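Hi,

Here is the structure I promised to pass on. Have a look at it first, and then read on for what turned up in it.

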Amino acid sequence: MKTVAIVLALVVLAVVQLAIAGRLEQQGGVTCGQVDANMTPCISYLTQGGEPSAACCSGVKTVNGMAQSADERKTACNCLKAAANRYANLKDDAAQALPSKCGVSLNIPISRTINCDT
């Protein structure tokens, strides 16, 4: 009888863990990998200037759509800051103009020096 109770408890625990994992997956969340992948097409614009490509603007729109909550915006901000600091030749004026050039009201600044905690 003890063995059946232990097995039953393990099954219940496994079901609960799967349910929680499913909810977390549905809630999503922003990762730096996602931000980096979506912003990669913008590197040439951000380092050389000119006009952002359609793929770049699509990535900006995707990042904007992913970062809905305050925590997600903070995470995306930190990811963008880290990415910006990887490129010494990043043009700050191009970074600041990117959202408007893509027709997006981005609530996340692209800057090397932004304080994402405020």
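Predicted model: local features only at pLDDT ≥ 70, side-chain atom pairs only at ≥ 80, totals over all residues.

Before the pocket, a word on terms: on a 1 Å grid over the protein atoms alone, a cavity is a set of points where a 1.4 Å probe fits but cannot get out, while a pocket is an open set with protein on both sides within 12 Å along at least five of seven lines. Lining residues are those with an atom within 4 Å of a point. Grid points are joined across faces, edges and corners, and a volume is the space filled by probe spheres set on the points.

Residues are numbered from 1 along each chain as its sequence is written, and side-chain values use heavy atoms, with hydrogens and water left out.

The largest pocket holds about 190 Å³ of space. Its lining is made up of 14 residues, and those nearest the centre are Met39, Ile43, Leu46, Ala83 and Tyr87. Helix 2 (32-39), helix 3 (43-48) and helix 5 (70-85) are the elements that give two or more residues to this lining. Helices here are DSSP runs (H or I, at least four residues), as strands are (E, at least two), numbered from the N terminus. By type, the lining has 10 nonpolar, 2 polar and 2 charged residues.

**The disulfides**

How many disulfides does the structure hold? There are 4, a disulfide being a pair of cysteine sulfur atoms within 2.5 Å. With the bonded cysteines of the protein chain numbered in sequence order, the pairing reads 1-6, 2-3, 4-7, 5-8. Three of these are worth a visit.

Start with Cys42 and Cys56, whose sulfur atoms are 2.0 Å apart. Their link is right-handed, with 105 degrees about the S-S bond. Cys42 sits in the loop between helix 2 and helix 3 and Cys56 in helix 4 (residues 54-66), so the pair, 14 residues apart, links distant parts of the chain. Both ends are buried (under 20% relative accessible area, with exposed over 50% and partly exposed in between, for a 1.4 Å probe and protein chains only): Cys42 has 0% relative accessibility, and Cys56 has a relative accessible area of 0%.

Next, Cys57 is joined to Cys102, S to S 2.1 Å. The torsion about their S-S bond is about -75 degrees, so this disulfide is left-handed. Cys57 lies in helix 4 and Cys102 in the segment after helix 6 (92-101), so the pair ties together parts that are 45 residues apart in sequence. Cys57 counts as buried at 11%, and Cys102 is buried at 6%.

Then there is the disulfide of Cys77 and Cys116, with sulfur atoms 2.0 Å apart. Here too the torsion about the S-S bond is about -75 degrees, which makes the disulfide left-handed. Cys77 belongs to helix 5 and Cys116 to the segment after helix 6, so parts 39 residues apart in sequence are tied together. Cys77 is buried at 5%, as is Cys116 at 9%.

Thr47 is in helix 3 and counts as buried, at 13% relative accessibility. A polar atom of the Thr47 side chain lies 2.8 Å from the backbone oxygen of Ile43. That is a polar contact: a pair of N or O atoms within 3.5 Å, where within protein one must be able to donate a hydrogen and the other to accept it, and residues adjacent in sequence count only if both atoms are side-chain atoms. Leaving out residues up to four places away in sequence, Thr47 touches Tyr87, Asn89, Leu90 and Lys91, contact meaning heavy atoms within 4.5 Å.

Lys91 is in the loop between helix 5 and helix 6. Is Lys91 buried or partly exposed? Lys91 is partly exposed, at 35% relative accessibility. With residues up to four places away in sequence not counted, Lys91 touches Leu46, Thr47, Gln48, Gly49 and Arg112. From Lys91 to Ser111 is 20 residues in sequence and 9.7 Å in space, C-alpha to C-alpha.

Ser111, in the segment after helix 6, counts as buried at 15%. Its side chain reaches the backbone nitrogen of Thr113 at 3.1 Å, and a polar atom of the Ser111 side chain lies 3.4 Å from the backbone nitrogen of Ile114.

Cheers

Terms used:
Nonpolar A, V, L, I, M, F, W, Y, C, P; charged D, E, K, R; others polar.
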